[in-house]
Amino acid sequence: MPAGTDPAASTPAASTPAGIAPAGTAGCGTRGPGALAGVPRQRGGGRRVAATAAVAAPLPGAATPAGEEPAATGRTGGRWRVRRLLPTPTGTPFTFGYAALLVATSLFAEHADPSLVSELLRGSSTDVVHLARTPLLVLVASALWVAGGLTSAHAVGFLFVLTALERRIGGLRAAAVFFGGHVLATLATELPVGFSVAVGQLPDSSLHRLDYGISFGVMTCTGALAGLLPAWCRWPLLAGVGYVAVTDLLAYADPLTDWGHLLSLALGVASLPLLRRWRDRRALPPLLGDLGHPALRRTRTFLAQE
């Protein structure tokens, strides 16, 4: 061996996967990826830590979990966040399809023959008489119309609230929250009316009333969404919506519907534990031990070689 030659230098270098530093290069001011200062090195520890960091790091083109904003900066990121406020056919199919249906029925109600529209609305009303005769039909039909038209507060709230909720818990679960609140609040407000008429506390005319729209479902989704938002946004939203609902109730213009709005909001808030489990289950990333995932095949091969 020639003089001045380092024996270690003549040893053939072991092949190292791309992006992972060899274990022997983590000293003398050079720290391998994922290495922690002050922790003694163990045999093969540097390479395994680097492999774990490669697994945990998001890969290019990987899908973003539901409810999380992609990392973006500048003008392009701002436009992307604005677009996420509105429903899309692929991102929020339930909200997008339902909104299109509501637009169609609202345009029909505005431009069709008034007598035909009046007959359809009366047939869709969830009053006591219709609930006793055809409960399933009127519970579904009443949610096909927007009371007040497309410019009403509940129509605008439907667009933004259900979009945000569906992005966090998924389309089927958002639909379950909406129609669950719509059905429960309707029954909770109409059944006491039927009981009061039966015992003579209300006249028979109370059995017939025009009651339709999406307001109960929107209020339920608003309470549910508030529970999934950060505290700085949750409490102002609940305070604002609750104030409007209480103010309408005190005005006593339509007390039955106004009580239904408050009840719907409370139902949405009460569903918070279930919604958080749905959100967490939907947003779980691949586990580090799931080496059968296509994105982790390179790391699995590297660990097998050791």
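## Contacts and basis

In the protein, 72% of the contacts between residues at least 6 apart in sequence join residues at least 24 apart; a contact means heavy atoms within 4.5 Å. The model is predicted: local features need pLDDT of at least 70, side-chain atom pairs count only at pLDDT 80 or more, and totals for chains, interfaces and linings use all residues. Residues are numbered from 1 along each chain as its sequence is written, and side-chain values use heavy atoms, with hydrogens and water left out.

## Fold and surface

There are 13 helices and 0 strands in the protein. Helices (H or I, at least four residues) and strands (E, at least two) are DSSP runs, numbered from the N terminus.

The protein has 306 residues, and 34% of them count as buried. Buried means under 20% relative accessible area, exposed over 50%, and partly exposed in between (1.4 Å probe, protein chains only). The accessible surface comes to about 18,300 Å², with 66% of this belonging to carbon and sulfur atoms; areas come from the Shrake-Rupley method with a 1.4 Å probe, and for residues only the protein chains shown count as cover.

## Cysteines

The structure contains 0 disulfides, a disulfide being a pair of cysteine sulfur atoms within 2.5 Å. Cys221 is buried, at 0% relative accessibility, while Cys233 is partly exposed at 25%.

## Nonpolar patch

Leu85, Leu86, Val156 and Phe160 make up a nonpolar surface patch with about 340 Å² of accessible area together. Patch residues have over 30% relative accessible area and no salt bridge; like charges are joined within 9 Å and nonpolar side chains (Val, Leu, Ile, Met, Phe, Trp, Tyr) within 5 Å. A salt bridge is a side-chain nitrogen of Lys or Arg within 4 Å of a carboxyl oxygen of Asp or Glu.

Phe160 lies in helix α7, residues 153-169, and is partly exposed, with a relative accessible area of 38%.
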